[in-house]
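Try each task before you read its solution.

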Amino acid sequence: IISHQPHVICLQEVTHNIHKIFARSSWWSKYTSIVERESHPIPYFTLLLVRKASSPTSASGGASGGREIKCKAKQGGEQPFQNSQMGRSLLFAGIQAGDTLVQVATSHLESPIPPFKGEAMQGKRRQ
């Protein structure tokens, strides 16, 4: 994270302990974090990080072609999946990158492990 300084980081299966370690890291303050509700009944969650516009990167190439792309999280949040058997949700952020608004989202999908329960795992909807 320190050497690449990505604009967006999407993480799944982040534990509370790892979240605390990240929060103590030198790079943490350079990012806006959008975290899945921490009162989640399972021991891990998803995390979306957007680099703050005030955090400069080197202009030596990389994905932006040598130009700094100023990003700013304009809006963000969480949308729970209504049919989730495991309490999963979608984390999202609207990021202003120059003149363009980019929508970024991440989720940790459920594994289709039997027994299949609920409407989400049945019939046409599952196909």
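**Exercise 1.** Decide whether Glu13 is buried, partly exposed or exposed.

*Solution.* This is a predicted model, and the relative accessible area of Glu13 comes to 48%. Buried needs a value under 20%, and exposed needs one over 50%. Glu13 therefore counts as partly exposed. To place this residue, look in strand 1. Its backbone deserves a glance too: phi of Glu13 is positive, about 55 degrees, although the residue is not a glycine.

**Exercise 2.** Find where Gln5 lies, then describe its phi and its accessibility.

*Solution.* Start with the location: Gln5 belongs to the segment before strand 1 (8-15). Next, read the backbone angle: phi of Gln5 is near 45 degrees, a positive value in a residue other than glycine. Finally, check accessibility: a relative value of 28% makes Gln5 partly exposed.

**Exercise 3.** Work out whether Trp27 is buried or exposed, and list its contacts beyond four places in sequence.

*Solution.* First, locate Trp27 in the loop between helix 1 (16-23) and strand 2 (31-35). Its relative accessible area is 9%, so Trp27 is buried. Leaving out residues up to four places away in sequence, Trp27 touches Ile1, Ile2, Phe22 and Leu49.

**Exercise 4.** Which residues do ring pairs link into a cluster?

*Solution.* Begin with the total: the structure holds three aromatic pairs. Then follow the links: ring pairs join Phe22, Trp27, Trp28 and Tyr31 into a cluster.

Notes. Residues numbered from 1 in each chain as written. Predicted model: local features only at pLDDT ≥ 70, side-chain atom pairs only at ≥ 80, totals over all residues. Heavy atoms only, no water. Helix = DSSP H or I, 4+ residues; strand = E, 2+ residues; numbered from the N terminus. Buried < 20%, exposed > 50% of the residue type's maximum accessible area, 1.4 Å probe, protein only. Phe/Tyr/Trp six-rings, centres within 6.5 Å; stacked < 30°, edge-to-face > 60°. Contact = heavy atoms within 4.5 Å.
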